[in-house]
Amino acid sequence: MTSSKHSLTLSVLCTLIALHSVGVFAQSSSKPQAPCIQQAAKERDGSHDFDFEIGTWKTHLRRLKNPLSGSTTWVEYEGTTVVRKVWDGRANLVELVADGPAGHFEGLNLRLYNPQSRQWSLNFANSKSGVMTPPTIGEFKNGKGEFFQQDTLNERLILVRFVISDITPNSCRFEQSFSDDGGKTWEVNWIAVDTRTNTESVR
């Protein structure tokens, strides 16, 4: 990523975080939070947020063929996802192999925890290109992970949002959306539902 694009990405992410903070402030009472509560929230350690996912999963994947084009054609895959812990949970490696009418798909995701920002970066590549996409960056709050990045699609700048939700010991949901209007509207283009295939420990 070039330095100018990196700066723009950081600007976009800071704007999104700022807007989120404004929304939270507007809904809170006028009384200031106690310093101990603010400090606890600020210093939350999220280095084990992905421990729930370590193991082997059956994956049902749906992908929109041509995002942001008006297309409503989806393709489906069935496959297996294996998630391996690295650095005692402060990183993990995801391998997805799936097949469907649209063909064979192999994906790789390296997730890294930054102890300074207390956020995760999700770095994805598929076997066709062998190139990592710009990382989505974010964190987990209230049992849901939300991650953002800036990318290009058909030579246009877009925003990418990746959400991990509906987390239970044996299932979870992944959803990716694109926006070409600065985050005013989002179009979902990737939905994966994982179901654990064994009872191995996630520790």
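Q: What share of the 203 residues in the chain do buried residues make up?
A: This is a predicted model, and in it buried residues make up 34% of the 203 residues in the chain. The accessible surface of the chain comes to about 12200 Å², and 55% of that surface belongs to carbon and sulfur atoms.

Q: Which pattern does the chain follow when read along the sequence?
A: The secondary structure comes to 2 helices and 10 strands, and along the sequence these follow the pattern α-α-β-β-β-β-β-β-β-β-β-β.

Q: Where is Gly103, and what does it count as in terms of relative accessibility?
A: Buried means under 20% relative accessible area and exposed means over 50%, with partly exposed in between. Gly103, which is in strand E4 (residues 103-114), counts as partly exposed because its relative accessibility is 26%. Leaving aside neighbours within four places in sequence, Gly103 is in contact with Tyr77 and Ala98.

Q: How far apart are Gly103 and Glu76, in sequence and in space?
A: Gly103 and Glu76 are 27 residues apart in sequence, while their C-alpha atoms are 9.6 Å apart in space. For the chain, among contacts with a separation of 6 or more, 41% come from residues 24 or more positions apart.

Q: Which side chain of opposite charge is nearest to Arg161?
A: A salt bridge needs a side-chain nitrogen of Lys or Arg within 4 Å of a carboxyl oxygen of Asp or Glu. Arg161, in strand E8 (residues 156-168), is buried yet has no salt bridge, and the nearest side chain of opposite charge, Glu146, is 4.4 Å away.

Definitions and conventions
Residues numbered from 1 in each chain as written. Predicted model: local features only at pLDDT ≥ 70, side-chain atom pairs only at ≥ 80, totals over all residues. Heavy atoms only, no water. Helix = DSSP H or I, 4+ residues; strand = E, 2+ residues; numbered from the N terminus. Buried < 20%, exposed > 50% of the residue type's maximum accessible area, 1.4 Å probe, protein only. Lys, Arg positive; Asp, Glu negative; His and termini not counted. Contact = heavy atoms within 4.5 Å. Areas by Shrake-Rupley, 256 points an atom, 1.4 Å probe, with all protein chains shown as cover.
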